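Have a look at it first, then read on.

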Amino acid sequence: MTKSANKLVIFSDIDVEKALKNAVKKPRPDIISELRESALKGRGGAGFPTSVKWNLAASAQGERKFVICNADEGEPGTFKDRVLLTDYAEQLIAGMILSGYVVGAKEGIIYLRAEYTYLKHDLEATIEKMRGKKLLGKNAAGKEGFEFDVHIHMGSGAYICGEETALIESLEGHRGEPRNRPPFPVTVGYLGCPTSVNNVETFITALHVVEKGAKWFKTFGTEKSTGTKLFSVSGDCEKPGVYELPMGITIQKLLETVDGTGAKAVQVGGASGICVPAKDFEKALAFEGVATGGSIIVFGQHRDMLEVAINFMEFFCEESCGQCTPCRLGTETLLEGLDLLSEGKCSLKYLRELTSLGETMQVSSKCGLGQSAPNAFLSIIENFKSEIFDTRCSCR
Amino acid sequence: MLASERDQLKSEIIKMAKKHDHHRSGLIPVLQHVQNVSRHISPEAMQDIAEAFKIHPVEVHGVVSFYSFLSTEKKGKFVVRLCRTITCDMAGNEAVGNQLENELGIEFGETTSDGMFTLEFTNCLGMCDQGPAMLVNDDIHTKVTPEKVADIIDGYKNRFGAHVTTGEHS
Ligand SMILES: Cc1cc2nc3c(=O)[nH]c(=O)nc-3n(C[C@H](O)[C@H](O)[C@H](O)COP(=O)(O)O)c2cc1C
Ligand code: SF4
């Protein structure tokens, strides 16, 4: 695997044990204000400010609280968490301990997707090693009276369980069906207790921020999207792999870095993201630009974009939990529409209806899956309509 | 399933449920164990599990049917899951899929008659930079080519003959 030579934040050197011990010496509000100052936002896709989440969980009332690491990484084209879980497990667990200290939780859970079962053994060994160093357990990280431990819970193969309330349902032994929000997990989460859920990358980034300071962190990225981001790059480029790059980098710059210039389009954010055509490659990858959990799939000139749209829609048809109608039926209807297009049998009038159905799904679906399922469809139709019609209709 | 096997499994279920204080949060770990041991979750096992957690068997079935790594149908000793996400598609998973069908003599969704292999598609395996990717039970294989398929499959066949005992999950 290619890993970027850049060692900016996440891949930069850190003495994990020292960083953690330093951190737990600080008063909790100081850590929260450092995180607030850094403007770190969650790296799992939704971009919720980490300081706000930790603060809400910290001030929530509850005898028992939980810190959960979302290691369900199922978004097509994303694999940066796998790299972190493999090579940076100690930093991840330290980040969870830090979070446990701030929110006042004793228990940490890593929800690891079933597809990554092969990582479990080494992760457990790292946890055990950290217990041995007394970073976990009673008086964790040398802090009197602070107790924290971590265990791994295996997923069972369901993309929707990456959505945090579905994840919690799954942990509780149910079907992974998203809950209504509010209440949010920070107040009513796992077993009804305040629960703070973060992405793998967020925990690691937070550890670096608290050790090295918000000021340093903000030297990377843009004003609204501070710091760096891991990008999982795949598809038609010479150097696929995981790259740490400053937030706000343009798609063009990223393509130059991975030797993928000359591409026809780039899918940003996986199946639930959007398809960006070459004319928009000057757009920035940032919360204020094209937002992403880090999945970048490069499509060369020879790729058939309709095939891409079909592949993604099949994914959503299969992974929809089926709980609400716009998503359950909408994904099926859009897929049928794509098949019609593929056979050269879709009228423009019907395509307009499908587009409006997609827009309805975006606003009326219960959770992020249904809300984002039409994104790829809509952006591919918008940008490649003439290509699709030219190649399909003329042959019949 | 032999009566003695069911008793054996039932006692494991009871033991595991107890470890979780019979709390429902232990349900999926128990289901995962049963799936590993008997390659599916039979109606009898669902009964036993429901009893152990004091819930209705329908509840258990609802959970089993939700997750793609749990099944009511008996799977092969080795479950081959080929990634069908667009990146693996672009890297040539179709040829790999064809070759898997040829080597195993079955189609996707089927299990070989000797109960050794089940062939399935799966969604993103998180190996998009090294596709085509596939899982065989818990092992990941990357940059799979049609030529490599036979060797990979043989590797598991031989492992079975040599030292894998029934129920062990590699
Ligand atoms: C369908 C769906 C799938 C998701 N999958 C993941 C995932 O695999 N990993 C992840 O960290 N967040 C995922 N999320 C986002 C989580 O719900 C949640 O926002 C995130 O874990 C919070 O962590 P963060 O604030 O550190 O980003 C998903 C959301 C949706 C709607
Ligand atoms: S939007 Fe889709 S995945 Fe989300 S709750 Fe509705 S049916 Fe389930």
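Let's start with a salt bridge: A:E318 pairs up with B:R84, and their closest N and O atoms sit 2.6 Å apart. Keep in mind that this is a predicted model.

**Where chain A meets chain B**

- The salt bridge count between chain A and chain B is two.
- There are also 20 residue pairs in polar contact across this interface.
- On the chain A side, at least two residues each come from β4 (149-154), α7 (164-171), β6 (228-235), β10 (295-299) and α11 (305-319).
- α11(A) gives the largest share of that side, with seven residues.
- Sorted by class, the side of chain A that touches chain B has 22 nonpolar, 16 polar and 12 charged residues.
- In terms of contacts, 50 residues of chain A meet 33 residues of chain B.
- The two chains bury about 3000 Å² between them, and 58% of that is on carbon and sulfur atoms.
- Within chain A, the residues losing the most area to chain B are A:Y118, A:S156 and A:R175, which together make up 19% of what that side buries.

**Around ligand 1**

- Ligand 1 is surrounded by 19 residues, and A:G44, A:N70, A:N198, A:N199 and A:T202 are the closest.
- That shell has four nonpolar, nine polar and six charged residues.
- β5(A) supplies the largest share of the shell, three residues.
- An oxygen atom of ligand 1 lies 2.7 Å from a polar backbone atom of A:G44.
- An oxygen atom of ligand 1 is also 3.0 Å from an N or O atom in the side chain of A:K53.
- The protein covers 89% of the 610 Å² of accessible area that ligand 1 has on its own.

Definitions and conventions. Residues are numbered from 1 along each chain as its sequence is written. Chains are lettered from A and ligands numbered from 1 in the order in which they are written. This is a predicted model: local features need pLDDT of at least 70, side-chain atom pairs count only at pLDDT 80 or more; totals for chains, interfaces and linings use all residues. Side-chain values use heavy atoms; hydrogens and water are left out. A residue is near a molecule or strand if one of its heavy atoms lies within 4 Å of it. A polar contact is a pair of N or O atoms within 3.5 Å; within protein, one must be able to donate a hydrogen and the other to accept it, and residues adjacent in sequence count only if both atoms are side-chain atoms. Accessible areas come from the Shrake-Rupley method with a 1.4 Å probe; for residues, only the protein chains shown count as cover. Helices (H or I, at least four residues) and strands (E, at least two) are DSSP runs, numbered from the N terminus. Ala, Val, Leu, Ile, Met, Phe, Trp, Tyr, Cys and Pro count as nonpolar, Asp, Glu, Lys and Arg as charged, and the others, Gly among them, as polar. Contact means heavy atoms within 4.5 Å. Buried area is the accessible area (1.4 Å probe) that two parts lose on being put together, summed over both. A salt bridge is a side-chain nitrogen of Lys or Arg within 4 Å of a carboxyl oxygen of Asp or Glu.
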